Number of protein chains: 2
Amino acid sequence: MAEHIVSSYDTDLQDLRRRISEMGGIAEKMLVDSIAALVRRDMPLAQNVIASDMRLDVLQREVEESAILTIARRQPLAVDLRETISAIRVSSDVERIGDLAKNIAKRALAIGGQFQPQKIVVGVQHMSDLVLGQLKDVLDAYAQQDTAKALDVWQRDGAIDALYTSLFRELLTYMMEDPRNISFCTHLLFCAKNIERIGDHTTNIAETVHYLVTGETLAIDRPKNDRSIDATVAGE
Amino acid sequence: MAEHIVSSYDTDLQDLRRRISEMGGIAEKMLVDSIAALVRRDMPLAQNVIASDMRLDVLQREVEESAILTIARRQPLAVDLRETISAIRVSSDVERIGDLAKNIAKRALAIGGQFQPQKIVVGVQHMSDLVLGQLKDVLDAYAQQDTAKALDVWQRDGAIDALYTSLFRELLTYMMEDPRNISFCTHLLFCAKNIERIGDHTTNIAETVHYLVTGETLAIDRPKNDRSIDATVAGE
């Protein structure tokens, strides 16, 4: 009987992991495609990204509900309890990553027709490539319960924040040079901000992996390198 | 014995409610103060807002942990289970509202020295007043388990999105009129976006209240009136 309970619990956990893995795959694809839609002005691709967000929302609800039911039914303790809590947290972060990618896709649709210097868009893509690497690594770290890999992601977020700050400055400079740049540069500012926030969610997931494996919480306030709020533009 | 269990469970719930009520009070004050700091260029007030976010983070962790422990220990069913799940969701939304208010306070510090036309700042304040009313109402609706009040908040979010879109257009116009406006208008754009996102979190809380009372989930996709992504500027 005890074994039966254990194996039901294991089935519950496997089910949670499977759903989160599917969510991770969708979120990665949404990020890649939203940036591709922005760079190549591919409107149908942007529409696809927007459409796939719905599946992510449904999966997140399912993970949340079944994790809670698992806790109520099986009364897990220690690491088992942490695993269900972590599933809730990770699915929430992945769902929000999807929301942010969807928002980039919407902006890709909005600026589709406007002239955009390729140089700036390339900066956004570079930032997105970095964040995508973080996202893949942290999802692997979660799947493998690899806290060293998670800590590595956690520490690398500073590079993304620094890149965001420099992109932010560059965009402001373009806006000041020519008022015709303002409209699409504003969209790109929000896209860059969204990518930076996706980076923040990858560090949240890294913190969850650390908690899952060790039972300890990483410091709440991570040192941030985002200086964009204080950014002033050269020559101003 | 059964009575003992019931009353322990009630104590757990009361404790969750008390913590969430404290969180709501802190978040409301952070929003009010961050906007006041922006409008009056009150730097010490902005610093206060930033400092109070730490308390909110701690409370959110406490709510999450004790809600989960309550579920594991007491195995609540139906409405009792919904109450603990709702506590987790609401505390997460309130914590994020605090983050957004903190970000506004940081921007208030950053643009403190720069010239800012009072007219635009007034628009941001007006939007914030609307959202603050929503936040107060939805926290009341949660405390009173009043689903009619929650639905009212849920439906009123459209007005905030519409206001955000018009403010967004106005800010773009100012930026195009004079490049010297670009730097602080960009900060105000992000402030307005943060306020709009606080509005989104109040509708999330409204959805949670509805779920708590009825056991049913409101439609995942609420009709949005945020047209700012498509906004083009008159005369462009």
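Just after H2(B), Gln75(B) takes a positive phi of about 45°. Helices here are DSSP runs (H or I, at least four residues), numbered from the N terminus. This is a predicted model, where local features need pLDDT of at least 70, side-chain atom pairs count only at pLDDT 80 or more, and totals for chains, interfaces and linings use all residues. Residues are numbered from 1 along each chain as its sequence is written, chains are lettered from A in the order in which they are written, and side-chain values use heavy atoms, with hydrogens and water left out.

**Helix H2 of chain B**
- H2(B) has 32 residues and reaches 47 Å from its first C-alpha to its last.
- That span is close to the 46 Å expected at 1.5 Å a residue, taking 1.5 Å times one less than the number of residues.
- At the start of H2(B), the backbone nitrogen of Leu45(B) has a side-chain oxygen of Asp42(B) within 3.1 Å.

**Where the chains meet**
- Chain B brings 44 residues to the contact and chain A brings 43, with contact meaning heavy atoms within 4.5 Å.
- About 4,000 Å² is buried between chain B and chain A, and carbon and sulfur atoms give 63% of this; buried area is the accessible area (1.4 Å probe) that two parts lose on being put together, summed over both.

**Charged pairs**
- The rule finds 2 salt bridges across the interface of chain B and chain A (a side-chain nitrogen of Lys or Arg within 4 Å of a carboxyl oxygen of Asp or Glu).
- Glu64(A) and Arg89(B) meet through their side chains in a salt bridge, at 2.3 Å from N to O.
- On chain B, helices H2 (43–74), H3 (78–111), H5 (147–177) and H6 (182–214) each supply at least two residues of the side that touches chain A.

Technical notes:
Polar contact = N/O pair within 3.5 Å; in protein donor to acceptor, adjacent residues only side chain to side chain.
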